[in-house]
Amino acid sequence: MSLAKRMMGVSVAIAFALTAGSSLALAQAKKKKSKCKDGETEQVASYKPSKGTNLNLQIEASLTGKPGNPKSGLKWMVHRRLGNCIACHEVKKILGEVKADNPGTLKKYAFHGKIGPTLDGVADRYTEGELRLIVVSAKKAFPDANTIMPAFHANSGLNQVTGDCKDLAILSAERVEDVVAYLKTLKQ
Amino acid sequence: MNGLKLISIAGSVAAIIFAAPALATDGKSGPLKPASKDSPLSEIWSGYHFASKETQAMQDDDFGNPAMNWYDVGETGWSKKDGEAGKSCAECHKVGDIKGVGARYPIYDDKLKKLMNVEERVNYCRKTYMKAKPWKYDSSNMLGMAIFINAQARGMPRSVKIDGPAAEFFEKGKKFYYARRGQLDMSCAHCHEKYFGQKIRMNILSQGQSNGFPTYRLKWQKPGSLHRRFSGCNKQVRAKSFKRGSPEYMALELYLAWRGQGLPIETPAVRN
């Protein structure tokens, strides 16, 4: 949604609250803040998948034309609203970021889920282009799996998305490249 | 509350006498085999099975179960006159008469031509017979009454009817259950059918069964209705949630009850 549309939404809500004449309604209109506010974007890069080696398809070229930054990639992967990859994947290298003398690192880097396969060694199993496609759209990468893994760079074909997140892709093209850059470091 | 405590004491005596095998198929320590061959599950487990030992212990002890405070609200409310008609529930029903309601509901009501769950029934009686205002699903009055009613069915196997006029609602609920939704594009089945028992970040996924509702959630610090839980699970995948009592959630409630057909009612359950 554009900023202008958002602003309009706010003023409509306030106008409604005023006509309702209730301070309660106004308080509620104010309280209802946007949840997709971590840089989710309506800009989705166009890409042409080509034939893959280990998967049927891959996206060979960088979505931005530039290589990503693995350090930022780690940041998106542990972010609870963005990648949150460790909610489902265990990654030994990320567990290695936990420092015994820093409880903050425990909260940030520990507690990995086990819904998907471990990502250790994933760069040995897939080409860079395949990793890119997996992050962009796991549904296209694993067409027969009815996969639970979200498409991180897609903003259409979705059902009943809550107003705050409607038409927004979770990771921008730049952030996808950052994540791919980090995944490329995961060799056995 | 006294009566219920006595029952649970009597229950634990019985458990000691009849020993372990009888407990193995209550969905807590051992799974149930689904009654219908159409069930997508090969084993049925209560959410109790996946909860931490401490949480299980809280549920097991009626004196320690924080939801019993709401049970007391319901028990008191049962005989409290309300509304313009100045009647109470107790003037129309004996507690014994509503014993199995928590296991049988939701039902299709032939006269009203719609699906009724416990909350809708309570509000229907309030409106029609007591001329009283409806209660909101997660108000303490409604939570108390729903806990009081469902707790009378404790230990009874879930047994909802899905044929006849209920079939249409069952199908609608099933469709809802399997539909991907939200920015994360997941269905109920992804989390509660495909991956139950697995860890997703800090949580262990259960089968998302409804036999303990209204359930006391430690995270909420109070009990919550099943429809509140639906709404939470919808929002979690960044999908629109529906109103408590909406046609969508009513149908989902029926379908979900069927997925747990045979599972003993545990209200009020305690969960993380």
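1. A salt bridge here is a side-chain nitrogen of Lys or Arg within 4 Å of a carboxyl oxygen of Asp or Glu. By that rule, the structure holds 18 salt bridges over all chains. One of them joins Lys114(A) to Glu90(A), with the closest N and O atoms 3.7 Å apart. This pair links distant parts of the chain, 24 residues apart: Lys114(A) sits in the loop between helix H5 (103–109) and helix H6 (122–125) of chain A, and Glu90(A) in the loop between helix H3 (70–78) and helix H4 (92–95) of chain A. Helices (H or I, at least four residues) and strands (E, at least two) are DSSP runs, numbered from the N terminus.

2. This is a predicted model, in which local features need pLDDT of at least 70 and side-chain atom pairs count only at pLDDT 80 or more, while totals for chains, interfaces and linings use all residues. Residues are numbered from 1 along each chain as its sequence is written, chains are lettered from A and ligands numbered from 1 in the order in which they are written, and side-chain values use heavy atoms, with hydrogens and water left out.

3. The contact (heavy atoms within 4.5 Å) takes 32 residues from chain A and 22 residues from chain B. The two chains bury about 2400 Å² between them, 51% of it on carbon and sulfur atoms. Buried area is the accessible area (1.4 Å probe) that two parts lose on being put together, summed over both. Of the area that chain B buries against chain A, 36% comes from Gln183(B), Arg201(B) and Arg238(B), more than from any other three residues.

4. Between chain B and chain A there is 1 salt bridge. Its partners are Lys139(A) and Asp185(B), at 3.1 Å from N to O. Asp185(B) lies in the loop between helix H8 (167–178) and H9 of chain B. Its phi is near 60°, a positive value in a residue other than glycine.

5. Which elements of chain B each supply at least two residues of the side that touches chain A? They are helix H9 (188–194) and strand S3 (199–200). H9(B) gives the most, with 3 residues. The residues on this side of chain B divide into 10 nonpolar (Ala, Val, Leu, Ile, Met, Phe, Trp, Tyr, Cys and Pro), 8 charged (Asp, Glu, Lys and Arg) and 4 polar (the others, Gly among them).

6. Two cis peptide bonds deserve a look. The bond from Phe213(B) to Pro214(B) is cis, with omega near -10°; Pro214(B) is in the loop between S4 and strand S5 (215–217) of chain B. Another cis bond joins Thr267(B) and Pro268(B), with omega about -5°; Pro268(B) is in the loop between helix H11 (247–259) and strand S7 (270–271) of chain B.
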